[in-house]
Amino acid sequence: MKMSTSKVRKYEINFEIDGKKAQRIGERLIDHFYNKKGFFKNTPMPEYVLPRNLKEGTKEHALYLTYVISIDYMTDAEKLWKKARGMYELYPERFTPKKILEVSQGTVESYTKKLGARFHKNGAKTWKTISKILLKKYDGDPRNITPKPIDIAEAKNRLKEFPYLRGNKLSNFYIRVMGETGLFQLTNLNELDIPVDKQVARFTIYSGVLKLLSKQFVGCAQDEPLRGLIEEAWRNAAKQLKTSPWKLDEPIWTTGSKLCSGRKCGKCSVKDLCDKTKGITFKENTVIWKRI
């Protein structure tokens with residue numbers, strides 16, 4: 001199998017993408033994750049574990065994902081989705097545009113606060129706005145955002161009026177989940193880039209796929225230059241592996257959140273391929289990186 005070459009990209013700070021390492025790691029992760037090997041044997045992605053009273057592929061499924069993903073930023077995703085499942089099983093009407101617009105702002109704030117949203121007041125405003133858009137333009141059903149197959153660029157264009165779902169990280173995440181579950185009709189889902197958050201950034205940096213050539217870097221994991229470099233690294237690896245970049249999201253995010261966050265290397269599927277890069281600190285989404 002042909003390996004992609006290392007590539008140096010220059011900004012004010014210099015980085016290097018190790019393409020060969022990205023490809024080797026990507027190949028291993030896809031094999032282990034999708035064949036449920038080792039660490040991945042019992043590690044489902046939280047967004048795919050549904051409430052017991054929710055039927056997959058339905059309008060209710062689309063609404064549930066839309067509301068929860070819209071507040072899935074700067075928070076503990078595992079806890080958020082666990083609490084969302086519990087709330088939905090007791091109060092499914094809380095995830096409907098009609099109910100959200102019927103009740104007061106304070107009531108919706110109580111919903112988002114109980115779910116563990118980092119900024120529950122903003123989360124409540126987001127839910128109110130999303131509900132108005134869905135009822136006005138899409139008959140209250142997120143599936144109607146793509147009534148016919150469209151490409152990713154058009155899907156992102158239609159999401160521009162949705163608060164937070166239009167952001168770089170959440171738009172890719174939302175499109176990936178909605179596309180993979182068949183709730184969105186997309187013509188080129190295979191071209192969707194990996195959604196970059198701190199867990200994906202952590203894994204990419206720790207593993208040595210992205211290397212710092214300068215002495216120090218401080219910046220947000222979801223902004224340039226990191227976001228573009230990380231997207232590029234895994235996009236190129238996926239191309240060499242003849243798969244979609246978003247297919248790498250789940251194994252990378254799972255490893256980053258459950259293992260890399262605590263430097264629990266023993267269970268990792270790619271520990272023998274990893275550089276275990278030191279000198280990195282994450283403060284929320286800010287990366288503080290000193291080359292050692």
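Predicted model: local features only at pLDDT ≥ 70, side-chain atom pairs only at ≥ 80, totals over all residues.

**Nonpolar core**

The largest nonpolar core has 88 residues, and those touching the most other members are Tyr-64, Ile-69, Trp-81, Trp-127, Phe-162, Trp-234 and Trp-289.

- With residues up to four places away in sequence set aside, Phe-162 touches Ile-130, Ile-133, Leu-134, Tyr-138 and Ile-145.
- Tyr-64, listed among the core members with the most such partners, is also in contact with Pro-51.

**The three-stranded sheet**

- An open sheet is formed by three strands in the order E4-E6-E5, with antiparallel pairing.
- Strand E4 (216–220) and strand E5 (280–283) are the edge strands, each of which pairs on one side only.
- From one strand to the next, the twist averages 10°.
- E5 is joined to strand E6 (residues 286–290) by four bridges, and the two run antiparallel. Within this pairing, Ile-288 in E6 has Thr-281 standing opposite.
- Helix H9 (residues 198–207) packs on the sheet and touches E5 and E6; the direction of H9 makes about 175° with that of E5.
- E4 and E6 also run antiparallel, joined by five bridges. Here Phe-217 stands opposite Trp-289 in E6, and Trp-289 is one of the core residues that touch the most other members.
- The side chains of E4 alternate along the strand.

- Helix H11 (residues 249–258) is mostly covered, with nine of its 10 residues buried.
- The buried residues of H11 are Asp-249, Glu-250, Pro-251, Ile-252, Trp-253, Thr-254, Thr-255, Gly-256 and Ser-257.
- The cover over these residues includes helix H1 (19–34), helix H3 (77–90), helix H8 (168–180), H9 and helix H10 (226–240).

**Pocket and cavity**

- The volume of the largest pocket is about 430 Å³. The pocket is lined by 26 residues, of which Thr-75, Ala-77, Asp-197, Gln-199 and Trp-253 are the closest to its centre.
- H3, H8, H9 and H11 are the elements that give two or more residues to the lining of the largest pocket. H11 supplies the largest share of that lining, four residues.
- Trp-253, which is among the residues closest to the pocket centre, is one of the buried residues of H11.
- The count of cavities of 30 Å³ or more comes to one, and the largest cavity has a volume of about 130 Å³.
- Of the 13 residues lining the largest cavity, Tyr-206, Cys-260, Cys-265, Cys-268 and Cys-274 are the closest to its centre.

**Pro-51 in the loop between H1 and H2**

- Pro-51 is placed in the loop between H1 and helix H2 (59–69).
- Why is Pro-51 classed as buried? The relative accessible area of Pro-51 is 2%, and the class applies because buried means under 20%.
- Beyond its neighbours within four places in sequence, Pro-51 is in contact with Tyr-64, Arg-85, Tyr-88 and Glu-89.
- Pro-51 and Lys-136 lie 85 residues apart along the chain, and their C-alpha atoms are separated by 27 Å.

**Backbone geometry in loops**

Most residues other than glycine have a negative phi, and most peptide bonds are trans.

- Glu-224 and Pro-225 are joined by a cis peptide bond, with omega about 5°. Pro-225 lies in the loop between E4 and H10.
- Lys-36, a residue other than glycine, has a positive phi near 55°. Lys-36 is in the loop between H1 and H2 and is partly exposed, with a relative accessible area of 42%.
- Lys-276 is not a glycine, yet has a positive phi of about 50°. Lys-276 is found in the loop between H11 and E5 and is partly exposed, with a relative accessible area of 28%.

Key: Residues numbered from 1 in each chain as written. Heavy atoms only, no water. Core = buried A, V, L, I, M, F, W, Y, C linked by side-chain atoms within 4.5 Å. Buried < 20%, exposed > 50% of the residue type's maximum accessible area, 1.4 Å probe, protein only. Contact = heavy atoms within 4.5 Å. Pairing = 2+ DSSP bridges. Axes fitted to C-alpha atoms, helices over the stretch in contact; angles between N-to-C directions. 1 Å grid on protein atoms, 1.4 Å probe; cavity = no way out; pocket = protein on both sides within 12 Å on 5 of 7 lines; lining within 4 Å. Points joined across faces, edges and corners; volume = space filled by probe spheres on them.
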